[in-house]
Amino acid sequence: MATKRGAIGSRAVKPLAGGQFGPLGGRAIRPLAGRPVMITGAASGIGRSLARRLSGLGSPAAIADIDEAGLKETARTLPGPVLVRVLDVRDAADQRRFAAEVREWLASLPDRPHLAAVFNNAGVAVASSVLDADPDDDEWLRQINFDGVVNGTRAFLPILAEQDDGVIVNTSSVFGLAGMPYQSAYCASKFAVRGFTDSLRQELRGTGVRAVTVHPGGIRTNIARNARVRKDPEGRGRSHEQMAAEFETLLRTTPDKAAEIICRGVDRGKARILVGPDAYVFDALVRVTPTHYYDVLAVLEKRLRAAR
């Protein structure tokens, strides 16, 4: 069920004047502030922080998530116009219906503004060795992390193409830059998001629509606690709770900081946005030592744990 809220209130701010020149000297890039956006995975984590940040800057926000309670909590905290939609991103037909609802909602806003950005952000995790992987878990993850991005892109791209304006922002991961043990399904899905978005970017050359890939590092969200874990993949007998707690000791970046970095990168016309200092470490190591990066990462991880 979708719910709507009215015109921008007194806390809204106007979009910044002007804009920056686009990639390769193309048309100017207009800042996101004050312009409508769509965000999936908005019930928590980065998605919620994106919604709060952009709504606080005057952007009407269409927010979606399968978690109805969390989504309503996000909507409750937004100061500006909001369209709320409970959505399973795996459902391509429902994504198209949501896009149609967003079209109607945009037409109801003052001055019938263009949709500025589509944030395909929803994601889940699985922890398992390849040997012990449950195919159903891997398929569940793939449908959300990759199919959800594809479905959202295909549903909303026609709106942006008709406008000849806007940006598709697809969330990959640092695990879309490097393969990690016990994360084969997650890495595969995030590499797929990266490849899909990179291909889309080339197809959009010469148009007013852009495609951006986001690679977050360790962000303090609940993704590890909400992951599907059948047993400790390292054979150490840890519970799901213990594994999540250990993982969280490595997280350095808050969702609010991640949202700030992402929005700033989009406004600056970046095609690829690295989020957090660890993302830059991953990116550099993969470039310098493409087959031995994990040897270095394992040492860094031990030092980080010892420093906690």
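Here are some friendly notes on this predicted model, point by point.

1. **Ground rules.** The model is predicted, so local features need pLDDT of at least 70, side-chain atom pairs count only at pLDDT 80 or more, and totals for chains, interfaces and linings use all residues. Residues are numbered from 1 along each chain as its sequence is written, and side-chain values use heavy atoms, with hydrogens and water left out.

2. **The overall make-up.** The protein chain holds 9 helices and 12 strands. These elements are DSSP runs numbered from the N terminus, with helices being H or I of at least four residues and strands being E of at least two. Of the 308 residues in the chain, 50% are buried. Buried here stands for under 20% relative accessible area, exposed for over 50%, and partly exposed for what lies in between, with a 1.4 Å probe and protein chains only.

3. **Helix 1 against helix 7.** Two packed helices are described by the angle between their axes and the distance between the axes. For helix 1 (residues 45–56) and helix 7 (residues 255–267), the angle is about 65° and the axes are 8 Å apart. Axes are lines fitted to C-alpha atoms, for helices over the stretch in contact, and angles run from 0 to 180 degrees between N-to-C directions. The crossing of helix 1 with helix 7 is right-handed; that term applies if the near helix is turned clockwise from the far one by less than a right angle, and left-handed if anticlockwise.

4. **Who makes that contact.** Helix 1 contributes Gly45, Ile46, Ser49, Leu50, Arg53 and Leu54, while helix 7 contributes Pro255, Asp256, Ala258, Ala259, Glu260, Ile262 and Cys263. By class, the contact has 8 nonpolar, 2 polar and 3 charged residues. Ala, Val, Leu, Ile, Met, Phe, Trp, Tyr, Cys and Pro count as nonpolar, Asp, Glu, Lys and Arg as charged, and the others, Gly among them, as polar.

5. **Leu50, a residue to look up in that contact.** Leu50 belongs to helix 1 and is buried, at a relative accessible area of 1%. Leaving out residues up to four places away in sequence, Leu50 touches Ile39, Phe119, Ala259, Ile262 and Cys263. Leu50 and Ile262 are 212 residues apart in sequence, yet their C-alpha atoms are 8.4 Å apart in space.

6. **The two sides of helix 2.** In helix 2 (residues 68–76), the buried residues are Gly70, Leu71, Thr74 and Ala75. They sit on the same side of helix 2 because they cover an arc of only 140° around the axis, the arc being that of the directions from the helix axis to the C-beta atoms. These buried residues pack against helix 1, strand 5 (61–65) and strand 6 (82–86). Exposed Ala69, Lys72 and Arg76 are on the face turned away from the buried side.

7. Most residues other than glycine have a negative phi. Asp111 has a positive phi, near 70°, and Arg112 has a positive phi near 45°. Asp111 lies in the loop between helix 3 (92–108) and strand 7 (117–120), and Arg112 is in the loop between helix 3 and strand 7 too. Asp111 is exposed, with a relative accessible area of 80%; Arg112 is exposed at 59%.

8. **Ala116, buried in a loop.** Ala116 is also placed in the loop between helix 3 and strand 7, but counts as buried at 1% relative accessibility. Apart from neighbours within four places in sequence, Ala116 contacts Leu32, Arg35, Pro36, Gly166 and Val167.

9. **Ser172, another loop residue.** Ser172 is found in the loop between strand 9 (166–171) and helix 5 (184–203), and is buried with a relative accessible area of 1%. Not counting residues up to four places away in sequence, Ser172 touches Lys190, Val193, Arg194, Thr213, Val214, His215 and Pro216.

Conventions
Contact means heavy atoms within 4.5 Å.
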